[in-house]
Amino acid sequence: MQVALRTSRDPQVTTLSVLILADRLADAERMVRALRRAGFDPQWQCVHTEAEYSAHLDQPIDLILADYTLPQFDALRALHLLQRRGLDIPFIIVTGTVSEEAAVESLKQGAADYLLKDRLARLGQAAKRALQEKAARDAARRAAETLSRNEHLFRRLAEQNEVLADIARIASSSLDIGEVYEQCAHEVAKLIQFDRMAVNLVDVDHMVAIRAYRTGAAVPEHDERGPIPLSGSMTWEVVQKATTLLLQGNNNDDQLSRYSQVSGVVQAGFHSFLATPLTARDKVVGVILLVSRQANAYLPEHGHLLERVAHQISGAAANAQLFAELKEAEARAARSATEKEALLRVSRALTCSLGLRTRTELALDAQQELVGMDFVVIRFLDQSSGQLALLGQRGGTAEMLHKIGGKPPPRIGEGLSGTVAQSGKPLVIEDLPSNSGPLHYQGSLGAGFASYVGVPLKVEDRVVGVMSGLSRQRRRFTPSDMELLESFGNMVGLALDNSRLFDQAEAQAQEWERTFNGMSNGIFLLDAEHHILRANRALASMLGTTTDALLGQHCYEAIHGQDAPIAGCVGRRCLAEKRPCTLVRQEPNLGSRWISLTAEPMANSRGAAVTIIHSVRDVTDQKRLEDQYYQAQKMESVGRLAGGVAHDFNNLLTAILGYAEIGQAALPQDSPLHPYFDEIHGAGERAAALTRQLLAFSRRQAFHPRTVCLADLVANLANMLRRLIGEDIELDIPSTPDIWPVKADPGQTEQVLVNLAINARDAMPGGGKLTIETANTTLDQGYARQHANVTPGDYVVVSVTDTGTGMSAEVKEHLFEPFFTTKPQGTGLGLATCYGIIKQSGGHIAVDSEPGLGTIVRFYLPRTGEDASDGPQAQPVAAPKGNETILLAEDEAAVREMTATGLRHLGYSVLEARDGTEALRFLQEHASATVHLLLTDVVMPQMGGKELADKVKALRPDIRVLFMSGYASESIAPGGELEPGALLLQKPFTPSSLGQKVRQALDR
């Protein structure tokens, strides 16, 4: 939209800046013409969007004319934007049509007037009225502001007079100048704004200023307590001119170049400075300085106010100075009379304590009392390294202590303390800031110190340390002061050197005591008559008493509960043999726990044994683990023996049962020899059952594990167990949901439960209760340490509990050994079998029993991540005949001949080999010979069955393999577990079972 501007030069015409909000330029021009007819010369601008409108509000505007409704904007919205900015501009709404409600609402919202476009003749009148109302409002506002300023000025003058009166009262009511400064600073803050205030007192003779007081924001390099050089400073200009100095503004570098000392204040962000002299007896004695971060913060009237404040403070400062001089004179008079008394008191205090730390603290306190330094340090000389190690300090800030701690100790000849240690003479520097040369003070603790004194600490003529003091005020030391300090240094040196020797001995004693009482073994010392001289806490805890109660007792009374030395006493033996001696015994006095006693003689300087040192160690757990280990080794040895016997016996039984079956089959049906063959076969079967039990114990039986739920297995066995144990015994099998799965041979696990149930039944001849519970459990490291060959982890535990006669400790010790039994007709293989089955499953079995209290047998099987399943069930298969060729490898001649005979009777062709080497050589030499099946024993000399099968498969992959063995050897798979797909014929076998297995192998 085009914007039209009109400017009038007629002085009788009122120029008016007008902003028109309209979407049609014709409407805007009609409004402008109406204003001109009313005597205005409008300078106008026309907009029709909210963005244009908002942008023009930043310009000077006398009047706003707005159409009520625009396509993207409206008058009420424009009015709200104007009010939100806090602008008081007459706002007139002009529209074509309007309702009375809309007109009233517009006026309520703050519009000056509301006009119709067809009645624009009223626009000039409405504009004049709106402008007059605006002028009235402006006049009223200016009058209110003038009245407010006058009232504020009146109150300000009253407050200033009140504050100045308070300052006068403060200055005249206290001789504590620090308190006067503090309270006056609080009052000054009511009159003049400042971020920092300082009072500097001047010493014109020495051309320095002393910071008497400071408050407010900190400037680190200006907050130290040391003197300030006057030359070239703002303070010196105020002193010289005896008048107030005002310096402010951001661009004051040229002026500040005259006062280099305030450049750090400016860099810290301060821009306004107001300084007024303090005058006493017509002499400027100091300066009050106010500093503000704000630029141009101070007016001349602030300088007049500060001068009035300075007048009041000057009198207080003069009075305080006179009072301080009087007090100092009194102090000097009293000091001379009390120094000797204080020195004597310190001497007595130093001799009352032997500790190095305590004496150091006393010496520091005494130095401050005698000399009155602000910061005192005592360093002790390490003769071997030449370093002056810090013993203690007094009066330092946390920052100073951090600086000291972060630096290596000075050596002899380094720094002020090192110089004192090297010379062995006192060193005094009364004016540290102006001191130069090799002993220049580097200010590592800050620049706020004025004087230094260092005194050597001596033992005779030997320097053992240095005591140094720093003062923030300049100090003068008289000859009597130095004589006092030297005497004090000699006293402290001797006391601290003795304390060092005492602390070394005490530390060694404490270290020995900590070591003695920190040992886990019981330790005690005896004299030649076996009285206990010393005993540590471990021994007292082991005996259930205290170390004090043990002192003086005979060792045989305290340890063994005897009234005379025990047989084999290690104390007597070590004295007689002059060497350490050890005794391991089960101690009735300690609840039958096993202990290991070691005694060693200790000789005096002449070589005579005068003391015996004993060590007592509780080895009960170690003994129990050793017994468990020996028992496990014994069981393993017996198991290997039983497995070997069973393997050889199975070979014999294979021949016996095989030939018995062959012989019986060859007899006529009416032969009187049939009963004899039946007896032979029955005896062989019973012998085979016995070998199976031996194999179970030795963990070398055939093992066919699958994932099962022990809770389900126990529940399924319940009916059979009830018939087995009889009606006079109650069987309780609690329901236990959510039992973890385990991997085990179900048949062998059922055999374990049956054997345990039979043992429980036999232990309850008069009836009782048998409980079989299943639960999830976790065996931790502690349990594993208490039980040999147990791996920590998650297990399922089956607890078989009876209320029977129980067992003695001797019976429990041999419980799992084969052929051990307490039954008149028992074989002694029942629990041995259980032991072997559980161990073969990777589990653990434990027994808890006491005579007359029943028995609990718990066996643990490890949890598996697989899901339990019923698994395939073996189905009986008939023994068919065949005509294939079988290569038989068997080292036992009787078994080989019987097996070959049985196979030939079934129609097979049999090639016999005495071992694996012979069988392999046959196949290699007769490459064209047809062989359908390799039937091989697992364990053979020279080459075992597993190795033979691997090499045969490499030569002829189509040959089937059938293993046979008295047990599933580790040569097939670790732990006796068959490899997937491998077939095993368990010895002893009969020709019929042989035929079934051979046919199964050939038909795969």
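Residues are called buried when their relative accessible area is under 20%, exposed when it is over 50%, and partly exposed in between, with a 1.4 Å probe and protein chains only as cover. The model described here is predicted: local features need pLDDT of at least 70, side-chain atom pairs count only at pLDDT 80 or more, and totals for chains, interfaces and linings use all residues. Residues are numbered from 1 along each chain as its sequence is written, and side-chain values use heavy atoms, with hydrogens and water left out.

The protein has 1004 residues, of which 44% count as buried. It contains 30 helices and 33 strands; helices (H or I, at least four residues) and strands (E, at least two) are DSSP runs, numbered from the N terminus. Contact is taken as heavy atoms within 4.5 Å. Among contacts between residues at least 6 apart in sequence, 64% join residues at least 24 apart. The accessible surface of the protein comes to about 50,900 Å², and 51% of this area belongs to carbon and sulfur atoms; accessible areas come from the Shrake-Rupley method with a 1.4 Å probe, and for residues only the protein chains shown count as cover.

An open sheet of 5 strands has the order β2-β1-β3-β4-β5 with parallel pairing, two strands being paired if DSSP finds at least two bridges between them. Its edge strands, each pairing on one side only, are β2 (40–47) and β5 (113–116). Neighbouring strands of this sheet are turned by 25 degrees against each other on average, direction ignored; axes are lines fitted to C-alpha atoms, for helices over the stretch in contact, and angles run from 0 to 180 degrees between N-to-C directions. Helix α1 (residues 25–37) packs on the sheet and touches β1 (14–21), β2, β3 (63–67) and β4, its direction making about 165 degrees with that of β2. Helix α3 (residues 75–84) lies across β1, β3 and β4 and runs at about 170 degrees to β4. Strand β4 (residues 91–95) is joined to β5 by 4 bridges, the two running parallel. Leu 115 in β5 is the residue opposite Val 94.

Another open sheet, of 5 strands with antiparallel pairing, has the order β13-β12-β16-β15-β14. Here β13 and β14 are the edge strands, each pairing on one side only. Within it, β12 and β16 pair over 6 bridges in the antiparallel sense, and Val 377 stands opposite Ser 468 in β16.

Strand β15 has 8 of its 9 residues buried, so it is largely enclosed by the rest of the structure. On one pairing, β15 is antiparallel to β14 over 3 bridges, with Tyr 452 in β15 as the bridge partner of Ile 429. The antiparallel pairing of β15 with β16 extends over 9 bridges, and Leu 470 in β16 is the bridge partner of Tyr 452. β15 and β16 form a hairpin with 2 residues between them, and Glu 460 in the turn has a positive phi of about 60 degrees.

Helix α13 lies across β12, β13, β14, β15 and β16, at about 40 degrees to β15. In this helix (residues 415–423), Leu 416, Ser 417, Gly 418, Thr 419, Val 420 and Ala 421 are buried. These buried residues pack against β12 (375–381), β13 (388–394), β14 (427–429), β15 (451–459) and β16 (462–471). Gly 424, which follows α13, has a positive phi near 70 degrees.

In soluble globular proteins, nonpolar side chains tend to be buried together. A nonpolar core is a set of buried Ala, Val, Leu, Ile, Met, Phe, Trp, Tyr and Cys residues joined through side-chain atoms within 4.5 Å. The largest such core has 39 residues, and those with the most contacts inside it are Leu 753, Leu 756, Leu 770, Ile 772, Ile 845 and Phe 859. Helix α23 (residues 746–762) supplies the largest share of this core, 6 residues. Not counting residues up to four places away in sequence, Leu 756 touches Val 800, Leu 831, Cys 834, Val 857 and Phe 859. Another core, of 27 residues, lies apart from it, and includes Ile 167, Leu 305, Leu 306 and Val 309.
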